[in-house]
Amino acid sequence: MTLLESRHESHADSRTAKALDKPAENLAFQAPAKPGRLVDLFEYGLDSPICLTWELTYACNLSCVHCLSSSGRRDPRELTTAEAKGVIDELERMQVFYVNIGGGEPTVRPDFWELVDYASEHHVGVKFSTNGVKISPEIAQRLVNSDYVDVQISLDGATPEVNDHVRGPGSYATAMKAMQNLFDAGFENFKISVVCTRQNIPQLDEFKAIADKYKAQLRLTRLRPSGRGADVWEELHPLPEQQRELYDWLVAHGDNVLTGDSFFHLSAYGDALPGLNLCGAGRVVCLIDPVGDVYACPFAIHENFLAGNVRSEGGFQEVWRHSELFAKLRNPQTGGACTSCGFFDTCRGGCMAAKFFTGLPLDGPDPECVRGFGEDALAKRKEADSIPKPDGDHSHRVPREPRSAGSRPVSLTLSLRRPESPPVSACEDNPLAGFRP
Amino acid sequence: MAALDLDSAWNLHPQVSVRPEPFGALLYHFGTRKLSFLKDRTLLELVQNLNDASSVRDACTAAGVADADLARYQNALGTLAASNMVVERPL
């Protein structure tokens, strides 16, 4: 057995070295089946997470239909600046090398840049996901000067029609402007993050061209039925033949495209894709939400996957190391109905959150099982109203209207009421002045 | 990749952080954003000894590496050198 394995987020080679994408995000490699492989060690969990997602706020200027965290409105209980800095101190002590910050739209928090600077000063690297709304030329310039900060722009269509259908009117233009600003500032290798949908799978080459144009790196991830995504999953998730198209595309581009280890359920098509091929929930990854709740993974905001809160005694470290839920997750996965499948070793039954929010048993096939077992299971599942609903909804209460093209001024009806007498003077000392029964 | 000279002196790259884990350790390079996994506690000790040792050989001895295993650890360090996790100490 070798003594070490290395991964590089941008030089992963899916076919030879079995390297990975984001070191943190997907840790590693698809190790060959042999004793001492890391995937087996990771099943028992680590002293600290490798990859931690931290959603700073539920506030968002957009209302993407597939939002994992049903974001929109800020939650009044969100961590204060001081509390957030306390979490960063703790991550530094636990040697969490970097965090993936998201939301909501994290940059709308007034203390966002202060927290990013604080994390950098405390040796906690930051990669933050944004729709680009605050990435001005000035901010882009500031980002390019920071070694500890990486940026990820969300884009779910290579054209405005496809993107804005999911992310809302004007969001394509906002993202492209942000990319232009980063490019102009000389920020190389920022990430463009795409959630793969039925509508955008035909655009994979166009996404790659956009990434190349801006000297950025493309990252493709899987649509999950989490948050508001549960409402649109049926409409947006890729068709079976598109899954095959995606797999072939990923195999062809393995070296240069990140996936966040999203697609290991596709490995049953043939060669395993680069990645850990292990559900990392509670073992090597977790989520801290805006109010400090710690969940097993960013796709599982539900009380069944809630391990604790960073505000409780012992803080995040106590939750990570000693929560009952995480202890339970840190055992080798059992295959259940999938055990007899020849592909279980690479697909591992797929994504826990995808199964949970489509009402499938956690030890059965993934709803998008490439062998079709997921579709069978979906057809046989119980009443639709027994499917678990994501916890917490911070969605905007009214649908947002387009802000620019197509929007019209709101008409108000102004009426005029003529007073019967002059207004009562502020100096009037009779308490009943102006009162007419 | 040329084998790393056992009599040369090396340092951990200043931008590299080491996190011990039950199975060995994680190394993270903040400059390259690259992660490496050390799958062995002896290799961890060796890496931790580097900065204070006058040579790779000394660091290996201090970590308790047997002569028969020297080549394996020399190789592992070579891999870390190739990814800039460890750098040769300037004379």
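This is a predicted model: local features need pLDDT of at least 70, side-chain atom pairs count only at pLDDT 80 or more; totals for chains, interfaces and linings use all residues.
Student: Let's start with chain B. What makes up its secondary structure, and in which order?

Tutor: Chain B has three helices and five strands. Read from the N terminus, its elements run β-β-β-β-α-α-α-β.

Student: Why is D58(B) called partly exposed?

Tutor: Look at its surroundings: D58(B) has 16 C-beta neighbours inside 10 Å. A residue is buried with 20 or more and exposed with 12 or fewer, so a count of 16 makes D58(B) partly exposed. You will find D58(B) in helix α2 of chain B, residues 56–63.

Student: How far is D58(B) from L35(B)?

Tutor: The two are 23 residues apart in sequence, and their C-alpha atoms are 26 Å apart in space.

Student: How do you know that β2(B) and β3(B) are paired?

Tutor: Two bridges are needed for strands to pair. Strand β2 (residues 16–21) and strand β3 (residues 24–29) of chain B are joined by six bridges, so they pair, and they run antiparallel. One example is V16(B), whose bridge partner in β3(B) is H29(B). With two residues between them, β2(B) and β3(B) form a hairpin.

Student: What makes the size of chain B agree with a compact globule?

Tutor: For 91 residues, a compact globule would have a radius of gyration near 12 Å, and chain B has 12 Å, so the two agree. Along the principal axes, its C-alpha atoms fill a box of roughly 35 × 30 × 25 Å. As for burial, 36% of the 91 residues of chain B count as buried.

Student: And chain A: how many helices and strands are there, and what share of its residues is buried?

Tutor: Chain A has 15 helices and ten strands. Of its 437 residues, 50% are buried.

Student: Which strands of chain A form the open sheet, and in what order?

Tutor: Nine strands take part, in the order β7-β6-β5-β4-β3-β2-β8-β9-β10, with mixed pairing.

Student: Why are β7 and β10 of chain A said to stand at the edges?

Tutor: Each of them, β7 (217–222) and β10 (306–309), has a single partner strand, so one side of each is left without a neighbour in the sheet. On average, neighbouring strands of this sheet are turned by 25 degrees against each other, direction ignored.

Student: How do you know that β4(A) and β5(A) are paired?

Tutor: Here too, the cut-off is at least two bridges. Five bridges join β4 (residues 125–130) to β5 (residues 149–154) of chain A, so the strands pair, and they run parallel. Within this pair, S129(A) stands opposite Q152(A) in β5(A).

Student: Which residues touch the most other members of the largest nonpolar core?

Tutor: They are V126(A), Y295(A), C297(A) and A300(A), in a core of 131 residues. Helix α7 of chain A, residues 171–185, gives the largest share, five residues. Leaving out residues up to four places away in sequence, C297(A) touches A281(A), V285(A), C286(A), L287(A) and A353(A).

Student: What puts the buried residues of α11(A) on the same side of the helix?

Tutor: In α11 of chain A, residues 315–322, the buried residues are G315(A), F316(A), V319(A) and W320(A). They cover an arc of only 165 degrees around the axis, so they lie on the same side of α11(A). In general, an α-helix has 3.6 residues a turn, so residues three or four places apart point the same way. What covers the buried residues of α11(A) includes α3 (81–93), β10 and α12 (324–329) of chain A.

Technical notes. Residues are numbered from 1 along each chain as its sequence is written. Chains are lettered from A and ligands numbered from 1 in the order in which they are written. Helices (H or I, at least four residues) and strands (E, at least two) are DSSP runs, numbered from the N terminus. Axes are lines fitted to C-alpha atoms, for helices over the stretch in contact, and angles run from 0 to 180 degrees between N-to-C directions. A nonpolar core is a set of buried Ala, Val, Leu, Ile, Met, Phe, Trp, Tyr and Cys residues joined through C-beta atoms within 7 Å. Two residues are in contact if their C-beta atoms, placed from the backbone, lie within 7 Å. The radius of gyration is taken over C-alpha atoms; the globule rule is 2.2 Å times the number of residues to the power 0.38. The arc is that of the directions from the helix axis to the C-beta atoms.
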